[in-house]
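Hi,

Here is the structure I promised to hand over. Have a look at it first, and then read on for what turned up.

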Number of protein chains: 2
Amino acid sequence: MKRSVVRFEPEGKKLLTDMGLNILDAAKEGGVGIRSECGGKGKCGKCRIIIEDQRNVSEVTNTERQHLTPEEIYQGNRLACMTSIHGDLVVFIPSETRLSVRRIQVQGMEQPTKLEPNVKKINLVMKKPTVQNPIADDFNILSNLEKLSNLQELEFEYELLRILPDVLRKGDWNVTITTLGDRSVIDLEPFDTTSRIFGFAIDIGTSKLVGYLVDLNSGEVVGVGSMENPQIAYGEDILSRISHAEETPDNKQRLQNLVTEGINGIIQMACEDSGVEPREIYELTVVGNTAMFSLFLGIQTKYLHLAPYIPGVKGPTIVKAKELNINANPRASVHVLPNIAGYVGADAVGDVLATAIHKMDEMCLLVDVGTNGEVFVGNEEEIVSCSCAAGPAFEGVHIQHGLKAVTGAIERIKIEPKSFNVKYETIGGSKPVGICGSGIIDAVAEMFKCGIITDRGKFNNIESQRMVRIEGRPEFVVAWKEETNTGKNITVSMKDTEEIQLAKAAIHTGCTVLMEKKKVTEEDIDRVFIAGAFGNYINPESAKFLGLIPDISTEKISFAGNTALAGAKMALVSKDVRKTAQRLSRWIRYVELMAEPNFQKEFINSTLIPYRYLDRYPSVKKYLEKNR
Amino acid sequence: MKRSVVRFEPEGKKLLTDMGLNILDAAKEGGVGIRSECGGKGKCGKCRIIIEDQRNVSEVTNTERQHLTPEEIYQGNRLACMTSIHGDLVVFIPSETRLSVRRIQVQGMEQPTKLEPNVKKINLVMKKPTVQNPIADDFNILSNLEKLSNLQELEFEYELLRILPDVLRKGDWNVTITTLGDRSVIDLEPFDTTSRIFGFAIDIGTSKLVGYLVDLNSGEVVGVGSMENPQIAYGEDILSRISHAEETPDNKQRLQNLVTEGINGIIQMACEDSGVEPREIYELTVVGNTAMFSLFLGIQTKYLHLAPYIPGVKGPTIVKAKELNINANPRASVHVLPNIAGYVGADAVGDVLATAIHKMDEMCLLVDVGTNGEVFVGNEEEIVSCSCAAGPAFEGVHIQHGLKAVTGAIERIKIEPKSFNVKYETIGGSKPVGICGSGIIDAVAEMFKCGIITDRGKFNNIESQRMVRIEGRPEFVVAWKEETNTGKNITVSMKDTEEIQLAKAAIHTGCTVLMEKKKVTEEDIDRVFIAGAFGNYINPESAKFLGLIPDISTEKISFAGNTALAGAKMALVSKDVRKTAQRLSRWIRYVELMAEPNFQKEFINSTLIPYRYLDRYPSVKKYLEKNR
C-alpha cells in the first residue's frame, strides 16, 4: 500500500501515513497535537489547518464551508478532520489549533504542590430527553454530574441558564461544564474541552506587575507577562499613590483602572505567547502588598495611612473577574490572597508559602527586597513580620545610570583593590547601557571594600583615572564611554550611594528590629532567603558588605526569586494552599516598625555601610582589618 | 413634678410624659414606634418627626441642622432624639419614621411555617482598633460574627468591601450586617437596622402578577401589589408569547423586560403601601409556570414548545436581583422555585406547599384554576400532576361582558327555574358593570340547570323576556340596562358559553386523566382544593354543575385562594420550605396530557355540560331527573 509523507509546520515533524486517512487522524496517530472538540465530526470547527498546496488532498467539503469563510478557504484553510491525504503534503498548524503549549521555566523557589485547582472541567455525554423521560436540560446535566462525582447542589451562573438549551443541542448532548469551588457552574461548552483550562497568578508589585499563565491540567506555567505598574505615573512609592487616591473618588477609580489595564496587558502577553485565549482563563489569584491590594480593589485606603494603620480588608477576597473588568472568562473568579496586617500583604503570604519557612524547625530570615519590602524572622513555632519602605532604588530608579534588569544592564561589578580596575558583566553580554539593581549593590559594596567611599558613602580622595568630577562632584567610572552603548561614561555618584544607603537601611532595620523581637542574633539564624523579582541576581557577599542583610555566613543564604508570585501560583493550583494562606495570614505576627521604640535609631545606624557598629559585621571587619 | 401630654399622630395615641424628656425616649417608654438606628445620638437622622406648633419644645440644635434642610426645619421637621418636651404637644410621625408596618390579611390557604429566612440582619458593636490591636476592618466584623453566631467563612460582596472602612467609622463601630444563606454578607449599614428586613414573594401568572411584601422579622405580609402581566400585549396564552419570544432575541428581551417592569411596579405599590423602601428588600422568591419562568429569566423556550416539551431549566434558580434589573437592594437575591416538568412550574410547587397535600394520607384532588391551570391527584404516597391550557376565559377575557374581579363585577348569579328571574351580587355591592369569572361560571351552570341551554351549550327555545336576539343570535339577559352602570344589558351569549365550555373542559380533562392514572374514582377522593387567584369566590355547586370539577360531595371541597403565591411566601420565610420545594419538584410525577392516548376523547367528552356521560355526575343527574 502506498504511503505519504506529511510534514507538520511550524514544528517540522514528518509522519509517514496511509493514503486516504484524514489529517486529524494522521496527526493523532503520529502524536502531533491538533485541537478538536467534536472528535472529528466536523461540528466544532476547531481543527483548522492551512495547506498551501492542495493538490494532494481531498476537495473542500460543504461541512468545511460552514466553518470557513470563502477568503479563508482561498488562503488554504481546511478542517483537518474533513481533509483526506492523497499524497505527500505540508500542513501548517496555526497557534490556536496547536494543542501543546510550551512549558516555561520559572525562576524562583516554589514548594511542590498537589494539583487540586478550584476550577474543574468535566465532560458529560448525556442521554437525549424523550417524551417518556422529559428531563429538564439543567437537571439532565446535574444528574449526570451527581453520577460522575460527588458534586451536588451546584448552582448555574445565571448567564449560562440563558444559553443552556442551545449549547446542549449544539453539542448533541456532549458538553463540558466548568465548576468553581464545588458550588457553581461557571461555564458550559459544547463538546469535550477538558484539555483547555487555564488560570492566571498575578503579583501586583509597587513597581512591577508579573503574571503566570498556568495550565490547570498540569499545573505548569505556559506563559508569562510582566510590565511596569502603570500606577507609577502617580508616584513611585505607596504613600504618594494612596494620597492621590484619597483626594477624589475619580482618582481612586483612575488608579484602579490603571492596574486593571496593566493586568489585562500581561494577560494578553502571556496568552499570545502560548496560544491560549483569555476566555480559557477560569480563575485568577492575586498577591500584592496591602496598599496595592486596596488600590486594585478600590478599597478605601484613608485609614491605612493614618495611625493605627488599619487595612480595610484582610481577605481573602473573592470577586468576579467581570466586576473588576479583567479580561478572562466572563464568569472567571479572582481570588485575592489574604493580607497579614499594615502593609504586609498577600505578597508576604506568598513569600512564606513558596519558601515554606512556616514548616521549618530551623530559624529563618526571609527578606523580600522590593520597593515595598517585607522581612520575616521565625520558623514553625512563630513568625514575626514587618514591611520596609525601601523605595525603588533597587529597581534602578533615582540612580543616575540606573536601569531595569534588561539587556545591556550591568548586573555584576568587581573592582580590583588599589588599581581600581573594574570588571563587569552585562545582561545578554552586550555593550553596557546602565546599571541594574544587583549591579548597583555590587558597585557600592565594592567601592566601600576598596576604600573608594567611606562607611557614610562619602568619596575618599583616592588617586585613579576613574575618579571624575561632574559639576564639581566626584563620580566613579564603572564603564568608559568607549565601552558603552550610549557613548557616555557609566558612573556611580554620591547621590547614587545615598539612595542605595537609604534603601538598604530600610531593609536592614526590618531585619534587626525583628531579630531583636525574636531575641535571636546573626549566629542563631540557620537559613536566609532573599526574595524579590530581581533577588536571583544579587551577590550575597555584596549584600552583606553593603549591609543590606545581616552578617550571616554565605552558605546559609539562598536566593528565592519572585516568591510572592510563586505563592500565588501555588494557591492557583491548590485549594489546600489557599487554606494554608488563610491560616498564615492570621498566624504570622505583625510588627509595626513605626511603633517600635528603637526604629529611628536602628534606621540611622543602618544607613552606614555596612552598619554603625562594625562588631555586628565580623566578616566585613576581618576583611577590612586585613586589606586596608 | 409637672407632666405633659404628647399626642402622636396619625395614630392619635396620647402619652403622659415627664417634662424635659426627649421625644424619642418618651415614644419608646409609651410604646410608640419611632425609627432610630443610632440609638438616639443624633447620628442617623432617621427619627425625623413633624411638630407644627413648636412653642412647647426645645430649640433646633446644630445636630438637627446637619440632617435637615432649612426648608424642612421651616416646615416643622425635627429629630425626635434632639427635641425635648417642654409642655403639651402634638407630634406627627411621617410614614418613613413609623416603625410599625400594618399587617395585611392575606386571602388563601397557607401552612404554618417556622420563621427561618435565608437573609438575616445582625447588629455588631465592635471594638475600635488600636496600634496594639490593629485588626483589619473586615476581620473585625468577621471575628465579632464568629463570636455571636456560628457563621464562618462568610464572604463579603465585592461592592461592600469598597465602602466597608467608611461605614464602620460612620457608625462609630456599631453596624448591622445582612447575611445571605450563611455564605455571604450582602449589606453593611451603620447603626442598628435589624428591625428593617423585608422580602418579596411573587407569583408570575400568565394573566396576573401578584406580590407580597413580607416583614422577615415577623413573617407577616405588610404590603401587596398586583397588576396584569404586561406581556399580555404579546398574547393572552403561553404559546403565542413563547412563539413571539423565539422570533428574535430582541423579542425575547422585550418580553423579559416587560415582566421585570411589571414586577418593579408591584414592588413599588407594596412598598408605598407600607412605608418600606425597595432597598430594604433583601430576598425575593418567585413562582410561575415553566413558560412564565423561562420568559422571566430569558431562557430559551424553543424546546419547551416542541415535543418532547423539554424545559431548559428545572431549577431552583438563584440570581442577583441586579442581574434581572429588579428594584430591590442592589445585592438582593432572587430565588426562583423549581419547576416540575413541561408547563407544570414552580407555581404548582407552591400550590402543593400551601395545601400540604404531600403530607396527607387522604386522597386529594388539587385544581389551580388559571389561564394555565394545574391539576394534582395524590397524597403522601404519590402525587401526579399535569397542566391544562384553560385560556383566559375565567379571567373574563373573550367573554362579551367579561370583567376582572373588580368593583361592579357580577360575582354571583342565581336563576329561578321556570320564571328565569335572575338574582345577582356584585363586588362592592355597586351597580353591575360586567361579569367576572365566578359570575360567568354561575351563569352558565344556572342556565344549564334551568334548561336555558343544552348540555352542548346551545340555547333552548324557552319563553322569557330575558331571551333576546342580537344580530339573529340568542342571548340571555343577566341584568337589564336600567340596573347597570353601563346603560346596556349585561348578557351571556352562545359564544360566551362556548368559551367557558372549552376552558372548563381543559381543567376537567386534567382531573379525569390524572384520576385514571391514579386509578381512583370520584368516590375515592377525600378532599378537593380549588386554588387560583379567584378560586375563593367560585360556587362549588356551580363548578360541579358546569363540570369544571368532578362530581364530589360539596363538604369535601375547600377553596384555597392563591396557593402558588402562598407557597412562594412560605419559601421566602423558611429555608426549610425551599428544601421541601426542591424535593417536591423532583418527586411529583408529571403527566404530559398531550401524550396520553385518551386525552382527545376525554377533552371532547368534557366540553359537554357537565360531561358527555351523566352517570359520572350522579348529583347533577339526580337534580335534572327531579326538576325537568
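Which strands of chain B do the buried residues of α1(B) pack against? They pack against β1 (3–9), β2 (13–18), β3 (48–50) and β5 (89–92) of chain B. Here a residue is buried if 20 or more other C-beta atoms lie within 10 Å of its own, with C-beta atoms placed from the backbone. Contact asks that two such C-beta atoms lie within 7 Å. Helices (H or I, at least four residues) and strands (E, at least two) are DSSP runs, numbered from the N terminus.

Before going further, a word on the source: this is a predicted model, in which local features need pLDDT of at least 70 and side-chain atom pairs count only at pLDDT 80 or more, while totals for chains, interfaces and linings use all residues. Residues are numbered from 1 along each chain as its sequence is written, and chains are lettered from A and ligands numbered from 1 in the order in which they are written.

Back to helix α1 of chain B, residues 23–30: its buried residues are B:I23, B:L24, B:A26 and B:A27. Because these cover an arc of only 165° around the axis, they sit on the same side of α1(B); the arc is taken from the directions from the helix axis to the C-beta atoms.

Now the interface. On chain B, 38 residues are in contact with 38 residues of chain A. The elements α4 (137–148), α5 (158–170) and β14 (317–320) of chain B each supply at least two residues to the side that touches chain A, and α5(B) gives the most, with six residues.

How are the two copies arranged?

Finally, chain A as a whole. It has 16 helices and 27 strands, and its C-alpha trace spans about 90 × 55 × 50 Å along its principal axes. Of the 628 residues in chain A, 53% are buried.

Best wishes

Technical notes: Buried ≥ 20, exposed ≤ 12 C-beta atoms within 10 Å, placed from the backbone.
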